[in-house]
Amino acid sequence: MPSANKIHNLLKKVIFGDTLLPQEFTVPLIAPQKEITVWLHGLGVPRDVTYCQSTVCSAPFIICIAFDTIQAPDKQNLERLSLKFCESDGHGQVLGEIGLRLTNRVSLSDLTLFFFEARSSANYCLSRIRLGSHYLLQAYTTKHQVNTSGMKMSFVERRAAMVSFIRPHPTSIVSVNDEVGGNIFIMNLMGDLGNNYFAFALKSTRKPAHLVERTGRIALSSVPFHEGKTAFQLAANHFKESIEWDQLPFATMRSRIFDIPVPDFALRVREMKVELIHKIGSHTLFVARVVSNQTFSVGEELHVVHGFYQARRLKESGATLKASLAMDSLNKSGSRSV
Ligand SMILES: Cc1cc2nc3c(=O)[nH]c(=O)nc-3n(C[C@H](O)[C@H](O)[C@H](O)COP(=O)(O)O)c2cc1C
């Protein structure tokens, strides 16, 4: 007779197939990623907003989209907008959608940022039956696990957050420093806004948000995929007031203008001056102007995608999926080793 364990594994295989993957999955991509385009629908001709939007906050789930101020739409035209996350090649297949509800707008010299919450969400990366099974499993796990994040997200917010990670998120290293102290940590709730502006979101209760608020400037380093494990080690620094630069497990160099230590393996370093701080729910949004941009080399960069999308990306190749799982696990062993 097969053991209970065998039956459990068989059931898991039947229900989930090869789609039971980590929700945040690390993948190597050349930046700027081109495989997913994010389209804004509901304002006439769909607009490509892949590189002018960012997540603002997780709880509540808020996304911001930037417009040139002179082209910013009127409030009454923003009633039924949605974002569609599409494959860039082939037939531009829609893999996910987020229905948007306007909550706020903020002007910033020549840019206007519109803030939206999710009024609906749909995910087409998996079949409906697989997706339903995942949602049931997640509901069960959420109910039975201790919530250490301190964040409460509704079902639609959680689904929208998963859809937002169909767009591969570059996962970078932030360095912050002044005469009082500094820190270096990993970050991926961020995005280009256009016109040399960049947005990033940090948990308001954690030290890095307070530090960036104090110094008003950061250096953002793009991470080669093979340094993923090192980058994940820096997740622990989200809980630290400051760090000792000479204790880091890698060599550093200095950023061009602000003279902040940055990893010497960085593919690219952008220095940014914070121009707007917007506190909202669980996160603080920082909007910064890029004041220097140095590329040292081009290579596969650390990105994170949602596990449902990774399952779809690699559904034709079990061996590649297995190899990518091993690489993902190696990267994350960084955060487990501290
Ligand atoms: C890959 C990665 C990216 C992260 N990006 C951010 C970020 O953009 N903003 C932020 O406030 N924290 C970020 N963090 C930190 C996490 O929010 C958090 O510190 C850590 O993972 C522990 O999770 P917990 O909040 O559930 O305890 C990131 C962590 C990792 C591993």
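A polar contact is a pair of N or O atoms within 3.5 Å; within protein, one must be able to donate a hydrogen and the other to accept it, and residues adjacent in sequence count only if both atoms are side-chain atoms. By this criterion, a polar side-chain atom of R206 lies 2.9 Å from an oxygen atom of the ligand. The model is predicted, with local features needing pLDDT of at least 70 and side-chain atom pairs counting only at pLDDT 80 or more, while totals for chains, interfaces and linings use all residues. Residues are numbered from 1 along each chain as its sequence is written, and side-chain values use heavy atoms, with hydrogens and water left out.

- A polar backbone atom of A201 is 3.0 Å from a nitrogen atom of the ligand.
- A polar backbone atom of K203 is 2.8 Å from an oxygen atom of the ligand.

**Shell around the ligand**
- The shell comprises eight nonpolar, five polar and two charged residues (Ala, Val, Leu, Ile, Met, Phe, Trp, Tyr, Cys and Pro count as nonpolar, Asp, Glu, Lys and Arg as charged, and the others, Gly among them, as polar).
- Strand 13 gives the most to this shell, with three residues (strands are DSSP runs of E with at least two residues, and helices are runs of H or I with at least four, numbered from the N terminus).
- Strand 11 (182-187) and strand 13 (197-203) each supply at least two residues of the shell.
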